[in-house]
Amino acid sequence: FDPSAMEGMRNCFLDIVATKMRDMATEKHFVKEKMAKLVAEVAKRLFPQRWPNLWEQLQQVWAIGDTQVELICLVLRSIAEDCSSSDFNLALPTDRRRDILQGLHALFPSIYPLVYTHLEQQYGLFATESQAVPVRQRAGQLLVVALRMMEQFVPWVPLSELLKPERNFVVVCCHLLSAPDPLRLHASACLRIVVTKKNIALSDARDYGPTLFRLVVEAQAAV
């Protein structure tokens, strides 16, 4: 492929994501998925060597508003999914997958604080019963897309990153277990990935309540 042509497409696709998409409440889901996939396909060919400022550019788009936050979560999920999931990574050469995953590892300390803050903010809106129904629905939609993104990151992210007191992803997921589906479904999926990590101790799990403790016991018993 021609790198200059790919870079041109990259800029074009990012401009569409930033300025040409309808509001997240009205844009068709398949359009969002396709647009995110286009950005991810370019990233898979350029990142990190020829697109070292990927996250900086995605952050700029993220800052525009909710619609762009949803799309950037879809982009990140698609990139990680294509590299780490056996259901999706057959088309990527091993060296390319390794390069991309190393790049994502390096970026995660910058990505995660923003995603965590987003989860906290949207959970606050979603859990406030006095909020208007459309506001709560929008917050729920943004929570789901962020959790689905994290499902692709959690398997290879160090557990220490997810259990930091100031940004404890496990606590967020435990709170969401009492939410209706699909929030509960995706929170549970993330927790089940967490508890299958080999270095989680029962003493750590006990600190986060009976639900996580039970999941850890079940996961370790199944090994």
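A residue is called buried here when its relative accessible area is under 20%, exposed when over 50%, and partly exposed in between (1.4 Å probe, protein chains only). The model is predicted, so that local features need pLDDT of at least 70 and side-chain atom pairs count only at pLDDT 80 or more, while totals for chains, interfaces and linings use all residues. Residues are numbered from 1 along each chain as its sequence is written, and side-chain values use heavy atoms, with hydrogens and water left out.

A search of the whole structure finds 14 salt bridges, a salt bridge being a side-chain nitrogen of Lys or Arg within 4 Å of a carboxyl oxygen of Asp or Glu. Three of them, including two that involve K44, are listed here.

| Salt bridge | Closest N and O atoms |
|---|---|
| K44 with E41 | 2.7 Å |
| K44 with D82 | 2.8 Å |
| R138 with D66 | 3.0 Å |

K44 and E41 sit 3 residues apart, about one turn, within helix α2 (residues 29-46); helices are DSSP runs (H or I, at least four residues) numbered from the N terminus. K44 and D82 form a salt bridge that links distant parts of the chain, 38 residues apart, since D82 belongs to helix α4 (residues 66-84). Both pairs fall within a network of salt bridges that links K37, E41, K44, R45 and D82.

R138 also forms a salt bridge, with D66; because R138 lies in helix α6 (residues 133-153) and D66 in helix α4, the pair ties together parts 72 residues apart in sequence. R138 is partly exposed at 23% relative accessibility, as is D66 at 30%.

Note on methods. Helices (H or I, at least four residues) and strands (E, at least two) are DSSP runs, numbered from the N terminus.
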